[in-house]
Amino acid sequence: EAAPPKPLVTGNIECFHLDALAGHFNNDGISWRANPADGNFDFPSRPNGASLIADLLPKAGALVAVPGNEAVTFRFPDKDDRRRNNVLCDGQRLQFAKPYEAFDGVWFLGACHDGARSALLAIDYEDGPAQGELRLADWLSKPAAGEIDVLRLSARHTFDGKEEARECGLVAWRVPLDPKRKLMAITLPRERNMHVFAATLT
């Protein structure tokens with residue numbers, strides 16, 4: 001079970017960073033210029049793939065605000081070599097510890113490889129289950145309606161370790177929650193083209 005997240009108050013919104021997500025990280029999608037072949041964002045079924053450039057991303061642990069919703073922040077993950085830094089969604093369950101609390105929404109920071117994706121995630125309230133839609137843009141595409149561009153990079157590392165001037169990035173997506181119901185758990189979709197780097201409850 002994940003310990004109750006500690007709130008960070010920004011403006012009039014409390015952000016609860018789901019740091020327990022790191023326990024489910026199963027992909028390294030980031031590489032440094034000093035070791036460009038380290039990461040593999042877009043071809044995780046093979047040894048080599050393209051990746052986000054660590055040098056262009058926020059520092060590990062930095063709070064990244066959602067444009068237009070600056071009171072909502074994500075805690076950016078570790079970027080060290082050979083460290084997993086995102087979740088390829090495959091039904092991972094984020095179970096919260098008692099006492100359960102109610103929230104207005106859960107925000108996700110991520111992107112997909114091989115095209116945008118939309119999938120249902122499971123929401124377990126204390127009094128019963130529900131579902132919500134998780135939608136993320138392809139990392140090489142602009143965000144669609146409802147998605148918010150958070151990190152936009154001017155280049156990426158290719159599968160053979162070269163730096164390619166091709167725009168890529170991560171977007172934010174909000175899944176509404178019922179603020180009158182206490183949240184027990186969230187289960188990610190089984191959609192392994194979806195990468196989630198961070199999540200925040202508000």
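## A buried histidine

His-195 sits in strand 18 (helices, H or I of at least four residues, and strands, E of at least two, are DSSP runs numbered from the N terminus). The model is predicted: local features need pLDDT of at least 70, side-chain atom pairs count only at pLDDT 80 or more, and totals for chains, interfaces and linings use all residues. Residues are numbered from 1 along each chain as its sequence is written, and side-chain values use heavy atoms, with hydrogens and water left out.

His-195 counts as buried because its relative accessibility is 0% (buried is under 20% relative accessible area, exposed over 50%, partly exposed in between; 1.4 Å probe, protein chains only). Its side chain makes a polar contact of 2.8 Å with that of His-113. Another, of 3.5 Å, joins the side chains of His-195 and Asn-27. A polar contact is a pair of N or O atoms within 3.5 Å; within protein, one must be able to donate a hydrogen and the other to accept it, and residues adjacent in sequence count only if both atoms are side-chain atoms. Beyond four places in sequence, the contacts of His-195 (heavy atoms within 4.5 Å) include Phe-41, Asn-86, Leu-109 and Leu-136.

## Nonpolar cores

The largest nonpolar core has 30 residues. Such a core is a set of buried Ala, Val, Leu, Ile, Met, Phe, Trp, Tyr and Cys residues joined through side-chain atoms within 4.5 Å. Phe-108, Leu-134, Leu-183 and Leu-201 have the most contacts inside it. Elements giving two or more residues to this core include strand 10 (105-112), strand 12 (128-136) and strand 18 (190-201). A second, separate core has 24 residues, among them Ile-30, Ala-54, Leu-151 and Cys-168.

Phe-108 touches Phe-74, Leu-121, Leu-134 and Trp-173, among others, not counting residues up to four places away in sequence.

## Backbone features in loops

The peptide bond from Lys-98 to Pro-99 is cis, with omega near 0 degrees. Pro-99 lies in the loop between strand 8 (93-95) and strand 9 (101-102).

Arg-82 is not glycine, yet its phi is positive, near 60 degrees. This residue is in the loop between strand 6 (69-75) and strand 7. Arg-82 counts as exposed because its relative accessibility is 69%. Asp-114 also has a positive phi, near 60 degrees. Its loop runs between strand 10 and strand 11. At 56% relative accessibility, Asp-114 counts as exposed.

## Confidence

Mean pLDDT, the predictor's confidence in each residue from 0 to 100, is 93 for the protein. Of its residues, 94% reach 70 or more. Over residues 7-11 the pLDDT is below 50. That stretch has 12 contacts in the model beyond near neighbours in sequence.
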